[in-house]
Every structure is written in C-alpha cells, then in structure tokens.
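Hi,

Here's the structure I said I'd pass on.

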Amino acid sequence: MGFALSDDQRLLQETIAGFLSNNVTLDDVRKAAGGDNSVSDRIGDGLTELGLPALLVPKEYGGLGLGLVEAAVLQETLGSAVSPAGFTGAALASIGIAGAASEELKTELLPAIASGAARFAIALSERSGARDNAGIKVEGGRLTGTALFVLDAARATHILVADSEGVLHVLTVDENGVGRTVLSTIDGTRDYAEYRFDNAPATPLTGENQPGMAADRMLAAALILIAADTLGAAQHMLDAAVDYAGEREQFGRPIAQFQAVKHMCAEMAAKLEPCRALVWHAAYAFDSDDPEGPIMACLAKAHLAETGTFVARTATEVHGGMGFTDLLGLHFWFKRIGANRQLFGGPEKTRAEAARLQGWTA
Amino acid sequence: MDLSLGPEYEAFRDATTEFLLSSKEKWSGSGLPMRDPLRLAWQKLLIDQGYAARTIPARYGGYGAEPDILKSRLISEAFAQTGAPPPFANQGVSMLVPTLLEKGSEEQKQAWVGKTLRGETIWCQGYSEPGAGSDLASLRTSAALDGDEYVINGQKIWTSTAAQADMIFCLVRTDPDAPKHHGISYMIFAMDTPGIEVRPLIDMTGSPNFNEVFFTDVRVPLDCVVGEPGQGWAVANATLKHERGMLGDPNAAKTRLLAIVELMKSETLDGERIIDNPVFRDRLVKLQAEVYAMQANGMRVMTASLKGDSAGMAGLVIKLQGCELNHQLAGLAIDVMGELGLLYGETPRIRDRGSWQWRYMYDLGLIIGGGTAQIQKNIIAERGLGMPREPKPQVTA
C-alpha cells in the first residue's frame, strides 16, 4: 500500500511543468486574456506534441491509457501556470466516448482525440445545473436548445453535448443549425462559449446500458479536474505571497517577520496542503470505480472552491496594494479560482449533491 | 498510488479483528479506574498478543516486533471498528517511554519502561509553569545541587493525572547562569517525595482534568536525571515530538462525523429530522469534506513514514487542522441539539451524557495545549514555508 505519486507520475508532472514555465509567461497570459488567440494556439499545439490529449484515451485506441490521477496531477500544473490552453476537452471527451459510444464511433474518434486531430468542446454544464432554463431537447434525432458555459470551444472541431436526459451526442462544429457565441467572463485565461442548436443533426452515443452514466462520469471527472486546477492556482498564489513577504520591507524589516503576515501564510498552507491528498484520493477513487467516488468528487470540488477562495483572497492581501494592481498579474489566478468555484456547480450545489448521493435528503 | 492492502496485511487485519471480537468477555475499559485489575489484565493481554507496546523491545517489557507503521494503523483501526477498549495511551506510555528508550540510561529503561507499559506505574508531566507556557524554555522551577541530592523548588501547572500519578517527568533549571535552553535538566522522581503538593485545577468543563503541582525543598537523588544535566531541552524535544503526533488523529474525526450523522437522523426540530434540513446538511457536508481531506492527508503522511521520508508540510499541519476540525464537529453536534445542547450534568433530556458539550469545551483546551494554534502557525510558517523568525527585541540599557 502507498498513497503518494509514483516516479512516473512525478516525471510526467515535471515535464509539463517545465514546458509551461518556458512557454507561459505572465505576458502570454496577459495577451491571451486580452483576446489574442495565437497564445493559446501555440500552447495548445505544444501540449498536443507532448501527448496530453492522448492521456485518457485507452491504449487500444492509440492513447496513453492513463487515469484521472495523472490527469489531476497535470491539471494542477496547468492551474498553477493559469495556462490559457489545457486538455479538459480531450480528457472529458475520452471518458464520455469510451463510456458510451459504439465500437465504430470509438474507433473513429478516440485515435483522433489522441492525435489532436479531433478537438472537443464540452457542453455538460446543464448536467450539473441549468441557468436561464438552458438545456438541450432531442426531436427526431436532432438537437434543439442552448448549452451554456461550454469549455474548450475556441479550437474545437467537434462538440460533445449532454441532452436533458443525460444522453451524449457528438456533432461537428460546422454542422447546420449550430451557433456559437463567445462569453466574456472575469477569467480571461480560458474560453467560455454558449452554443445554440436549432434542429442540428447529431450522433447519439447509445452504447451504454444505462443512459446518463457516461455523462455523470464525465461530470465527476470534471469536478475533480477543476478542483485540481484550483489546487495548482492556489498553491501558486501562496508561494507568491511567501516570496513577496520575504522581499517587501516596511518598518525596516521584511514583512515576513511580522506574525500577522506569517500567520496568514500559515493558515493558507494549513488549509491547502490537505487538499492535495483529497484531490489525489478523489481521482484514485474515480479510477478504481470506488462506490464513494462520485461523493468524493463533489467533496473535493466543494472543498477546493472554499479553500481556493480563502487562499486567493488572503494571498492578495499579503501583497498589499500591489496585489490589487493589474501590473503584478496576481488577479489572473484570483479570477481563475473564482471561475472554478462556479463551474459545474458552486460549493452549495455540489455539497447538496454529495448529500443526495449519501441518501441524506428528505 | 495503491490503497489495497495486499494478502499479508489483510490477513493481519482480519486476525486482529478476530482476536478482539473473540476476547470480548475480557474487555474492560474507560469506565474503570486506571489501576483496576481488569484493566491491567486486559492491557497485559494486549501486550502479550502484540496489540500494545508492539515495537518496544521485549527485554523492556514490550512485544518486540519490528516497526511497521501500516500494522500499527490496522491495529488502531481494528480497535475503533470493534469498539474494543484500546491500549493505554497515557502520558507515561506515549511520552515518557519513547523518551527513555531514546535518551535514558539502561537502569532507567529497566526500572520504568515495563511497569509503565503494563499500567503499574502512572506518570504525569511537569513542563508548563505559570510563567512558562508557549515560551517553555523560560521555566524557573529550580533544582540546586546539595551533596548527593538535588533540592527542587517551584511550581508546575496543567499537570494532568498528577493526583493519581506515582511518578513525574519534569523539566527543572539546574544551571541558572546558562543561556535559557542550556540550563535545563529532565528529571524523573516519585510523586510521594516529601515537599510535593498537588492542587486540582478545575477547567471550563467543570472537572479537575489538570492540576497545579508545588515543590518545596523536594530532595531527589542525582540519578533521577535523564540524559546529562543541562541537556533537558533536547531530551524534552524528543518527547514533544511524540505529543504532537498524538493530537489530531484523523480516524477520531471520522468516527465523530458518523456519530453526528446518526445524531442528525434522531434529533428533530418542529417534527422534522435535522438531517432533512438543508442548512444543517450543508454544514455537515462541509465538515465531511474536511474530514476526508485530513484522512487522505493522514494516508499521505503514513506513506512518507513507511518510506522513511519526511512528510513535510502534510505532517506539520496535522495538529492545527485536526484539533480545529474536532472542535468544529463538536460545535455542529451542539447546534444540531439546539436548546438540548445546553443541558449538562445530571438532568432530564440530556443526550449521550453531555459528551458533545464536554468535547466542545475540552477540544478548545487541546487547541491551546501541546503548542497553541498560534505556535503551530509559527512552526508551519518557519519550518514549512521557510519564513524568517521574528527578531528578538533589542534590549536597551
């Protein structure tokens, strides 16, 4: 028995961290947030070359066949860099298609995901909760309705949509009856879109015994990956706060010597460090089909939302007035953590879901 | 990452559980006084079977197994799961014995380790003083050499089990001229030595969980010193390390959480079960996430120990986070009971003999004791994050 990252997992993490530290500067983040898509294209291509889209694609379909533990560890690294490109679309599409598609469709799509030729936008938000009555209806095999907060839409060739019954559908972005609107959010480090479907033809994934299971598994994976992203972003903010406190002098000494400042940093570390084990454990439970897995995904998402919010706010305060400036750029992390808190359900929503899964409801 | 136990450990776990369940008629636990023959017999049986004092060498009265943290963990889980009375975990067993094994003379080990493990000798700890709490090294209880004896004068506080103890392990100042960390010695002596007075200290729970101990011209032999005279600070730090490991056990938090779920299912407000109230449920799940985080963190710390690695930050946060979490769990239980949570002592309608109320108060003591939360934050900041110490104030003439 052992509950630690293996040497291979650490190496994988270091490889991606090395790529990101060479290729994602604060300037790049700023450009991406300003709407310059060339940055996310360049980083996305680099991550594809490193094999990230193939991570969760089963080996027999040309992928790496790794698990959510590896995915979460890498997502943590992406969050730490507030990387404007990632592999959420590929990871979630791999889970959904491997879980629900026919053999023929798997053979067609999974190798294309692995190579980066097929890039998936993920329209799953309504599976966790619908805002503005959004949702997708199916009539005569065609999709009608709206999907909000679709992830990874900017570079997408395909869309994976969960309809209101939880059945998954695949279509290409240039299909008739598909309209995309880019949503402007606080978080410039990711693209968010809204898709409108008007009688759009799509291929339903009918290979699952119980419709909705693959969508729910995608959702559990999404919760864990978002939690991991927050973990990385929050750890970065804590490290930045500790560094800044060591450099900034007031009253003739570094502010890191003042207990008021030290205790803020200690509280961040004390709350954040156990989150790392929680994310690992939730990912491990997902990979091993633990019956508690879906509960742990909700707990990890909700707990990282709360802890991330605390760290984002406290680390900004340690930076004093500088933390509030655009110049320092700390706000990109603050906003990414803020966006993660709401995506696929805020903490109240995910805790209610955890309670429901345990039968603690009236 | 692999959380499966494998056949050897599964067999060990099953054998432990089976032994505990099959010896149910010998169970004798916390309801009985410390020296009750039934309790001592149960403790002896546990040592003989290797479920207590497991890794302590047999020549000193232990079971003599090789250290195996996973087996130790499985044993403690088996006690929790079966409800069997756990082995003694008093200050003698948890703190004095490891210290003697590390720093004591052969005579001291022979004299005290076995008796302490078997519960025949009860110990108390004389560290804190009214003027030396977080700044423990400023302690002033003095031990002056007089021929072949030390003469001790001073006062200790927060001394649990002092009234029952046969012996005390105690920090005293043997060299008033040395720098404060260097003039201290670690001594062990009998509590019935003339000149020792114990006064109970009633705490907010209403019970004398602690005492004050006064020393007036207490004469003790020279060989009561553990390690060398003047080395007491280093000897004590070996002990404090063991104490911090004792507090904030994540399995205890999990047990509490499950008890609160049951409480929320049985308590009602306006005829509605508390667990059906979404506001209370949200608080429950919020704490559940923290319990799961601390449990996973505990697995991570254990894995590091198994490999002989330092657990780093994951280890440093356990006392602070674990004690805080236990306190918050007790706080939720009281809110679940509402007005019924006010009840305390012998009274109608009291739930679970007032144990949640007691824990809510006692846990606040644990947040303060064994290194306050603020001292823990200094440790996390300095040792974990590498932040600088606060500079010593300039002394002006």
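Which residues of the largest nonpolar core touch the most other members? Bear in mind that this is a predicted model. The core in question has 171 residues, and the ones to click on are Ile224(A), Cys265(A) and Val279(A). Helix H8 of chain A, residues 213-247, gives the core its largest share, with 22 residues.

Next, the chain-chain contact. On chain A, 39 residues are in contact with 40 of chain B. Chain A's side draws at least two residues from each of H8, strand S10 (253-254) and helices H9 (259-287), H10 (293-318) and H13 (347-357). H9(A) makes the largest contribution there, 16 residues. If you sort that side of chain A by class, you get 26 nonpolar, seven polar and six charged residues.

Then there's a bit of sheet in chain A built around strand S5 (residues 168-172), which is mostly covered, four of its five residues being buried. S5(A) has antiparallel partners in S4(A), residues 158-162, through five bridges, and in S8(A), residues 203-204, through two. The S4(A)-S5(A) hairpin has five residues between its strands, and Gly166(A) takes a positive phi near 90° in it.

Last, a helix pair in chain B. H1(B), residues 7-22, packs against H3(B), residues 69-82, at an angle of about 35° with the axes 9 Å apart, and the crossing is right-handed. From H1(B), the residues involved are Tyr9(B), Phe12(B), Arg13(B), Thr16(B), Thr17(B), Leu20(B) and Leu21(B). They meet Leu70(B), Lys71(B), Leu74(B), Ile75(B), Ala78(B), Phe79(B), Gln81(B) and Thr82(B) of H3(B). In class terms, this contact has nine nonpolar, four polar and two charged residues.

Cheers

How values were computed
Residues are numbered from 1 along each chain as its sequence is written. Chains are lettered from A and ligands numbered from 1 in the order in which they are written. This is a predicted model: local features need pLDDT of at least 70, side-chain atom pairs count only at pLDDT 80 or more; totals for chains, interfaces and linings use all residues. A nonpolar core is a set of buried Ala, Val, Leu, Ile, Met, Phe, Trp, Tyr and Cys residues joined through C-beta atoms within 7 Å. A residue is buried if 20 or more other C-beta atoms lie within 10 Å of its own, exposed if 12 or fewer, and partly exposed in between; C-beta atoms are placed from the backbone. Two strands pair if DSSP finds at least two bridges between them. Two residues are in contact if their C-beta atoms, placed from the backbone, lie within 7 Å. Ala, Val, Leu, Ile, Met, Phe, Trp, Tyr, Cys and Pro count as nonpolar, Asp, Glu, Lys and Arg as charged, and the others, Gly among them, as polar. Axes are lines fitted to C-alpha atoms, for helices over the stretch in contact, and angles run from 0 to 180 degrees between N-to-C directions. A crossing is left-handed if the near helix is turned anticlockwise from the far one by less than a right angle, and right-handed if clockwise.
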